[in-house]
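This report describes a protein together with its ligand. Please examine the sequence and the model shown below before reading on.

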Amino acid sequence: MRKRPLGRTGLTVSELGLGTWGLSGDGYGPVTEAEQDRVLDRALALGITLFETADSYGHGAMERRLGARVPDDGRCRIVTKLGTDRDHAVPRKSFTVSHLTEALDKTRERLARPTVDVVLLHNPSLVALQRGEATAWLAEQKQSGVVRAWGVSAGSTAIAREAIARGAEIVSVAFNAFTTAAFSELSEDITRDDVGVLAHSVLAYGLLTGHWGAGKRFPDGDHRADRWTSDELRQRVRQLSALRPLVGGDVMTMRAGALRYVLANGLVSSALLGPRSSLQLDQLVREAGKGPPYLTDDALTALAARLEEVGVL
Ligand SMILES: NC(=O)c1ccc[n+]([C@@H]2O[C@H](COP(=O)([O-])OP(=O)(O)OC[C@H]3O[C@@H](n4cnc5c(N)ncnc54)[C@H](OP(=O)(O)O)[C@@H]3O)[C@@H](O)[C@H]2O)c1
């Protein structure tokens, strides 16, 4: 497993990270505890050293699981996200110092670590970030040694840019072959401030595997049921024709092409995988390739032209 620096933090992380939203059962539907443990153990065996979660995933259960299974050995790094207040009937976002202070204490207890490697604000609004309270608090936590590095999981370019301007050492953003605009708009800021980048949703929630037909339906409890209208999904599935020609040689599947597209970007510190089984994890790690070039320059140039042709770019 190849490693990359996490921006200017001084931390080094595996270029494939294990994201645990899907694994937690939130978002895509239930996963058994036995399978969750199998995936975590398999990730460790495959050399993954970056584990990404949030205090809200499984109402804290995923942090507890990571705390129990991932060794606190200075090699493995756990990234968690705070900012969801579940003390109400309907969970709400909260980035006040009082909420974050209490949340971090609970996270440290669940992760069974006195020091948390990385804390990100979990999708704050631009207004919440502009108050400055949450980023100043994170900088204090780093200064006092309670967290090693901090950043923001950002839902838009404006939010990521604001976070970087306020000192974020890491941003987590959606980045995949169909979602490129925000990332390219940010590349100057990322390079200038040597910001670590955690790329999530690298398969566009499974779309880029190329396994879905135009009439694909999702069960209740799967966030994808509400993500696209049937017309949008039909169009997205049609646009996959731009990705198909990536398959060939050691790029064995469209899934491999999509993952390699993210890894081919040198600004990415780690591509966060979202497997819901150890089989899916094995496929992704096997197909990612052993090192650059993940895709040739010619393949990337031709892909950009095809994406434009089908209306993605
Ligand atoms: N705000 C944030 O910071 C943020 C936001 C989103 C995600 N994340 C993190 O990033 C991780 C991944 O992102 P994501 O869930 O948004 O999207 P993703 O990785 O693009 O898609 C995950 C889905 O891809 C499918 N998949 C995974 N491996 C596969 C394989 N080998 N073969 C076929 N299908 C496969 C699975 O779908 P099926 O269920 O259909 O099998 C899975 O649910 C999450 O777990 C989370 O930890 C962070």
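How do the residues of the shell around the ligand divide into nonpolar, polar and charged? They divide into 10 nonpolar, 14 polar and 5 charged. Here Ala, Val, Leu, Ile, Met, Phe, Trp, Tyr, Cys and Pro count as nonpolar, Asp, Glu, Lys and Arg as charged, and the others, Gly among them, as polar.

## Basis of the model

The model is predicted: local features need pLDDT of at least 70 and side-chain atom pairs pLDDT 80 or more, while totals for chains, interfaces and linings use all residues. Residues are numbered from 1 along each chain as its sequence is written, and side-chain values use heavy atoms, without hydrogens and water.

## The ligand and its surroundings

The ligand is surrounded by 29 residues, each with a heavy atom within 4 Å of it. The closest are Tyr28, Glu52, Ser153, Ser201 and Gln280.

In the side chain of Glu52, an N or O atom is 2.4 Å from an oxygen atom of the ligand. Asn123 has a polar side-chain atom 3.2 Å from a ligand nitrogen atom.

## Glu169

Glu169 lies in the loop between helix 7 (157-165) and strand 10 (170-174); helices (H or I, at least four residues) and strands (E, at least two) are DSSP runs, numbered from the N terminus. Glu169 counts as buried because its relative accessibility is 5%, where buried means under 20% relative accessible area (1.4 Å probe, protein chains only).

The side chains of Glu169 and Lys142 are joined by a polar contact of 2.7 Å. Such a contact is a pair of N or O atoms within 3.5 Å; within protein, one must be able to donate a hydrogen and the other to accept it, and residues adjacent in sequence count only if both atoms are side-chain atoms.

Conventions. Buried < 20%, exposed > 50% of the residue type's maximum accessible area, 1.4 Å probe, protein only.
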